[in-house]
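Please open the model in your viewer and colour it by chain.

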Amino acid sequence: MWKEHYRIGSELIDSQHQELFGRVASFIRAVQGEESWEERLDEVQSTLEFMKDYVVIHFRDEEALQKEIGYPWLEKHAAIHNAFREEIREFAQRVEREGFDEEKVQEFAAKVMTWLIMHVGKEDQRIGEYIREQGGQQ
Amino acid sequence: MKAEYINPFYKATIDVFRIMLNLDVQRGQLRVVEELGPVSEANVVIGVTGDLRGSLLYSFPKSMALEMVTIMAGMPMTKLDAFVCSALGEVANIISGNAMTHLSGTDLACQISPPQVFVGTEGTLSMATEQAIVVPLITNIGTLELSVSLTSANGR
């Protein structure tokens, strides 16, 4: 899923993005696997748990970078992060309450995948452009 | 239904397909239909409210739908299951949202409803009372037919 042209020019953020794409890919593999749902459930649960925490760390680091370089669209970007973090949190609460329904998890995995591609492929690329305009940050 | 409402959707599709799928999009010949109905197997319906009202119908051939999600996920997809259908709904949702942003540049403020996905080519969508314009959006993995049925809320 990860593409080299997603790089924005910050070593930390680029490696976190690669990690996120890798985790989402394993999430999709677990969600779409051929084995019974019970057999895949452990992997689904642990990947979801990891992503919930990792997204918080990554967003925090990416927002700190934006602050450091004086990125002018920082607030709009943070609002997008907040909305997505909230969606993940709500889903995690929902499955805790109602259990891991296969179809609901499949739908959620598709949302996470499209969000990540569009966000890193569009919104985050603006940070990369800004870094390049400023003559390279790191 | 004005033909000028079509351009924002064309622009948004070009942009979203380039970013998400690395695909070029060409516009085919527009046609007017009396009823909003599915053309292909995988369909997404999105409602529009605000200064413009109506519905959008994204109709994907099955092979195109599977290939799109294969490209995004980086692994082969073989059936129109909940994962594939949800991904298609999200792509249509993103295109529609971006088109609404382009429309707001022309002083039209609209909101969209969450995407509804259905599989099959049967029937028409009863909520459509107006004509629709169908835009074929041609890519090298297939043609998405987007039907747009929008009217101005104040009768313009």
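How many residues does the contact take from chain B, and how many from chain A? In this predicted model, chain A contributes 18 residues to the contact and chain B contributes 14.

Begin with the side of chain B that touches chain A. Select helix H1 (6–21), helix H2 (62–73) and helix H3 (82–104) of chain B, the elements that each give two or more residues to this side. H3(B) supplies the largest share, seven residues. Now colour this side of chain B by residue class: ten of its residues are nonpolar, two are polar and two are charged.

Move across to chain A and select Gln106(A), which is found in helix H4 (residues 102–133) of that chain. Is Gln106(A) buried or exposed? Gln106(A) has 21 other C-beta atoms within 10 Å; because the cut-off for a buried residue is 20 or more, Gln106(A) counts as buried.

Which residues is Gln106(A) in contact with, leaving aside its neighbours within four places in sequence? Display Val31(A) in chain A, then Asp81(B), Ala82(B), Phe83(B) and Ser86(B) in chain B.

Ile80(A) and Gln106(A) are 26 residues apart in sequence, and their C-alpha atoms are 23 Å apart in space.

Conventions: Residues are numbered from 1 along each chain as its sequence is written. Chains are lettered from A and ligands numbered from 1 in the order in which they are written. This is a predicted model: local features need pLDDT of at least 70, side-chain atom pairs count only at pLDDT 80 or more; totals for chains, interfaces and linings use all residues. Two residues are in contact if their C-beta atoms, placed from the backbone, lie within 7 Å. Helices (H or I, at least four residues) and strands (E, at least two) are DSSP runs, numbered from the N terminus. Ala, Val, Leu, Ile, Met, Phe, Trp, Tyr, Cys and Pro count as nonpolar, Asp, Glu, Lys and Arg as charged, and the others, Gly among them, as polar. A residue is buried if 20 or more other C-beta atoms lie within 10 Å of its own, exposed if 12 or fewer, and partly exposed in between; C-beta atoms are placed from the backbone.
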